[in-house]
Amino acid sequence: MLARLMKSEGVWLFSRSPAAICAAIATVLIVAGALFAPWIAPTNPYDLASFSLIDGLLPPLWEADGDPRFVLGTDDQGRDMLSSILYGARLSLSIAAMAMAVALVLGVGLGLAAGYFGGRFDAVVMRIADVQLALPAILTALLIDGISRGILPRDLHDDLRIAVITLAIALSLWVNFARTARASVFVERNKDYVQAAIMMGQHPLRIMFRHILPNIVGPLLVIATVDLASAILLEATLSFLGVGLPADSPSLGTLIRIGMQYLLSGEWWILWIPTVFLVVLVVAINLLGDFLRDLFNPSLR
């Protein structure tokens with residue numbers, strides 16, 4: 001009954017929030033374009049045979065020298081910008097989603113255990129979280145990437161570049177999940193249903209994941225939505241700085257880094273089109289996160 005009421009209330013609030021509606025439409029369109037990029041993109045930017053240097057630096061279709069084959073123009077290599085953006089969004093969203101999954105599992109697991117058991121384990125986990133919170137997420141990600149470069153051979157690091165950047169982003173964002181889960185456990189563990197489960201002799205893992213976790217999903221869902229946008233920005237920042245994905249992998253950050261070289265040369269579309277696309281994606285996800293926050297916390301409405 002409570003879930004049904006929350007669902008109906010959420011639909012009612014969503015229908016009366018133009019910002020949430022626009023954000024949802026933008027997010028769905030971008031995610032759908034990324035998922036179906038191999039079928040809807042005009043060319044494959046990973047296929048060297050699909051583009052030519054002769055077509056390099058062509059402006060968008062609405063410009064005087066635009067080519068109907070390239071609606072958003074081409075980059076310096078002759079790659080279609082629309083195709084590169086769709087495939088770049090696919091890659092960026094994949095990395096961000098995998099990083100969020102790792103951060104969610106790690107953060108929620110540690111937060112539940114720290115809040116339930118307390119004691120020294122709680123103190124150790126929270127001190128690690130406090131130290132990490134003192135550093136910006138980008139510095140943590142750069143540190144992890146730098147350590148991996150020092151440990152792994154160069155060829156192996158290049159082969160595992162996506163895994164390394166995913167792990168770096170995940171280890172930069174787990175703290176929010178851990179702190180929220182821990183604080184929620186402190187509230188829930190003293191309630192009657194948890195005390196009853198303890199009196200019945202149920203295993204702590206069953207109590208944490210069967211009884212407590214379902215009741216703290218709301219705050220975790222809000223954090224996951226907001227941090228997904230942060231993960232996308234982290235990937236774009238790392239790729240822009242040259243420590244993320246290489247130039248032959250057209251993620252959104254890589255496209256922006258390439259476009260910076262042509263900022264003052266007149267080929268504005270190489271920089272501004274992927275930048276605007278990234279901004280729209282991040283803002284849309286953040287607006288959805290704000291809507292979910294208001295939905296699960298009526299006092300903020």
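**First stop: a residue in a helix**

Select T140, which counts as buried because its relative accessibility is 9%; buried means under 20% relative accessible area, exposed over 50%, and partly exposed in between, with a 1.4 Å probe and protein chains only. T140 belongs to helix α6, residues 137-151. Helices (H or I, at least four residues) and strands (E, at least two) are DSSP runs, numbered from the N terminus. With neighbours within four places in sequence left aside, T140 is in contact with Q132, L135, L171 and S172, where contact means heavy atoms within 4.5 Å.

This is a predicted model, in which local features need pLDDT of at least 70 and side-chain atom pairs count only at pLDDT 80 or more, while totals for chains, interfaces and linings use all residues. Residues are numbered from 1 along each chain as its sequence is written, and side-chain values use heavy atoms, with hydrogens and water left out.

**The whole chain**

The C-alpha atoms fill a box of roughly 75 × 50 × 30 Å along the principal axes. Of the 301 residues, 45% count as buried.

**Two crossing helices**

Next, select α2 (residues 18-35) together with α4: their axes come within 8 Å and cross at roughly 100°. Axes are lines fitted to C-alpha atoms, for helices over the stretch in contact, and angles run from 0 to 180 degrees between N-to-C directions. The two helices, α2 and α4, are therefore roughly perpendicular to each other, a term for angles of 65 to 115 degrees. To see the meeting point, display V31, G33, A34 and L35 of α2 with L86, A89, R90 and L93 of α4.

**Salt bridges**

A salt bridge is a side-chain nitrogen of Lys or Arg within 4 Å of a carboxyl oxygen of Asp or Glu; by this rule the count is 6. Select D130 and R179, whose closest N and O atoms are 3.2 Å apart in such a bridge. D130 lies in helix α5 (residues 119-133) and R179 in helix α8 (residues 161-188), so this pair ties together parts that are 49 residues apart in sequence.

Move to R79 and D75, which are joined by a salt bridge at 2.9 Å, N to O. R79 counts as buried at 5% relative accessibility, and D75 counts as buried at 1%.

Then display D55, D67 and R69, which are linked in a network of salt bridges. Within it, the side chains of R69 and D67 meet at 3.0 Å, N to O. R69 is partly exposed, with a relative accessible area of 49%, whereas D67 is buried, at 18%.

**A nonpolar patch**

Which residues make the nonpolar surface patch of about 1,200 Å²? Select L61, W62, V71, F240, L241, M260, L263, L264, W268, W272, V276 and V280. The elements giving two or more residues to the patch are α11 (217-241) and α13 (269-296), and the largest share, 3 residues, comes from α13. Patches consist of residues with over 30% relative accessible area and no salt bridge, like charges being joined within 9 Å and nonpolar side chains (Val, Leu, Ile, Met, Phe, Trp, Tyr) within 5 Å. Accessible areas come from the Shrake-Rupley method with a 1.4 Å probe; for residues, only the protein chains shown count as cover.

Finish at L61, in the loop between α3 (37-40) and α4 (81-117). L61 counts as partly exposed, at 39% relative accessibility. Residues up to four places away in sequence not counted, L61 touches G66, D67, P68, F70 and V71.

Key: Angles under 35 degrees count as roughly parallel, over 145 as roughly antiparallel, 65 to 115 as roughly perpendicular and the rest as oblique.
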